[in-house]
Amino acid sequence: MYRVVTPQTAAELDAYYQLRWELLRKPFNLPIGSERDEYDSVAIHRMMLAPDGTPIAVGRLFIGGDEAQIRFMALRPECRGQGLGTLMVDDLVQLAAAEKVKRLVMNAREEAVEFYRKCGFLEVGGGPVTFGRIPHRQMIRSLAPLQTIQYRPEWCQDLTTRWARGVPISEKMGMDISHYDGQTFHLKANLAANINVHGAMFAGSIYSQCVLAGWGLIWLQLREEGLLGEPVLAEGNITYHHPVDEAPEARAAREGMPAVLQPLKAGETARFSLKIRLYSGSKLAAEFLGQYVVEPVKRASH
Ligand SMILES: CC(C)(COP(=O)(O)OP(=O)(O)OC[C@H]1O[C@@H](n2cnc3c(N)ncnc32)[C@H](O)[C@@H]1OP(=O)(O)O)[C@@H](O)C(=O)NCCC(=O)NCCS
């Protein structure tokens, strides 16, 4: 039987790091030592043993608050293609879930993206090129769907994760997806975190909330259409009607969006405008018209 264990003795740890080097560094002619990093002393290490006790796979989980990162995952070449890689990922996922981690993140080598996609990870953007020659893609997997959302709660959690990593100010502003039903998307912000000297919401925050609401709706709609792309704002015009002095909520509707995203299917850029309304309680406080551009994701070929 295959078993996944935590290497503990000095001999087990030696075997673990040796395998890590052999599988992940030696193929690139990188020296012994390059298989380690500064998080090793605080991370969880896992190793798969074949029925005869031979180490055949390694994987590492580093937990930082709500988020955990999988790194150094690899399996001996002769053992691949039998579902053992999936078992390693399941093991790391269970460890993370037991620690109440909300999301898993990782940088996957481009040739491993499909494997991680099959393990439930979502590709969310470009990652680092390590050692100047190993390109990666950023991938995430949410472990706790957004409790407040009925429709596509995992996707909304993925979007929150995407923002937390790619648009960190969204967390500072207290952005919170309050509604998504496939047609309309509502995004709340924390008024106290965005207040100005007059006791109302800062105009720049109102603008940002609108931009993100449009971005979020497009991101979800891309997923509904099975498309990959990163929305970018090319132009934005906002009209402020009233001060925002209670519960700011931006609302965007998908009207006509599936059609405007179609160019992406042919590998072409999609350009379109989207209106977002921002409410202060029940009062319409601002209207934003954004010109968004979505470029098709191009992967390096192998
Ligand atoms: C990536 C790796 C861990 C996958 O392990 P594995 O045991 O071969 O994967 P599994 O057998 O569990 O495969 C699960 C599914 O993913 C698919 N898959 C696995 N590797 C794949 C790849 N490189 N490309 C496309 N699909 C892949 C399998 O076909 C299988 O699909 P199925 O469920 O439809 O049959 C292993 O190939 C490996 O160690 N690669 C080298 C190191 C590496 O790239 N590590 C990742 C660093 S980020």
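Which domains does the domain assignment of the chain give? Domain 1 covers 3-142 and domain 2 covers 153-296; these bounds come from an automatic or database domain assignment.

Before you start, note that this is a predicted model, in which local features need pLDDT of at least 70, side-chain atom pairs count only at pLDDT 80 or more, and totals for chains, interfaces and linings use all residues. Residues are numbered from 1 along each chain as its sequence is written, and side-chain values use heavy atoms, with hydrogens and water left out.

**Stop 1: the two domains**

Colour domain 1 and domain 2 separately. Their centres, taken over C-alpha atoms, are 34 Å apart. The contact draws 9 residues from domain 1 and 12 residues from domain 2. Contact here means heavy atoms within 4.5 Å.

Together the domains bury about 950 Å², with 55% of it on carbon and sulfur atoms. Buried area is the accessible area (1.4 Å probe) that two parts lose on being put together, summed over both.

Now select strands E5 (103-109), E6 (122-130) and E7 (134-142). These elements each give two or more residues to the side of domain 1 that touches domain 2. Strands (E, at least two residues) and helices (H or I, at least four) are DSSP runs, numbered from the N terminus.

How many salt bridges does the rule find across the interface of domain 1 and domain 2? It finds 0. A salt bridge is a side-chain nitrogen of Lys or Arg within 4 Å of a carboxyl oxygen of Asp or Glu. The rule does find 2 residue pairs in polar contact across this interface, both at pLDDT 80 or more. A polar contact is a pair of N or O atoms within 3.5 Å; within protein, one must be able to donate a hydrogen and the other to accept it, and residues adjacent in sequence count only if both atoms are side-chain atoms.

**Stop 2: the ligand**

A backbone N or O atom of Leu75 sits 2.8 Å from a ligand oxygen atom. For Gly85, a backbone N or O atom is also 2.8 Å from an oxygen atom of the ligand. Lys118 brings a polar side-chain atom to 3.0 Å from a ligand oxygen atom.

**Stop 3: Glu287**

Go to strand E13 (residues 283-296), where Glu287 is found. Its side chain makes a polar contact with the side chain of His241 (2.8 Å).

**Stop 4: a salt bridge**

The structure holds 19 salt bridges.
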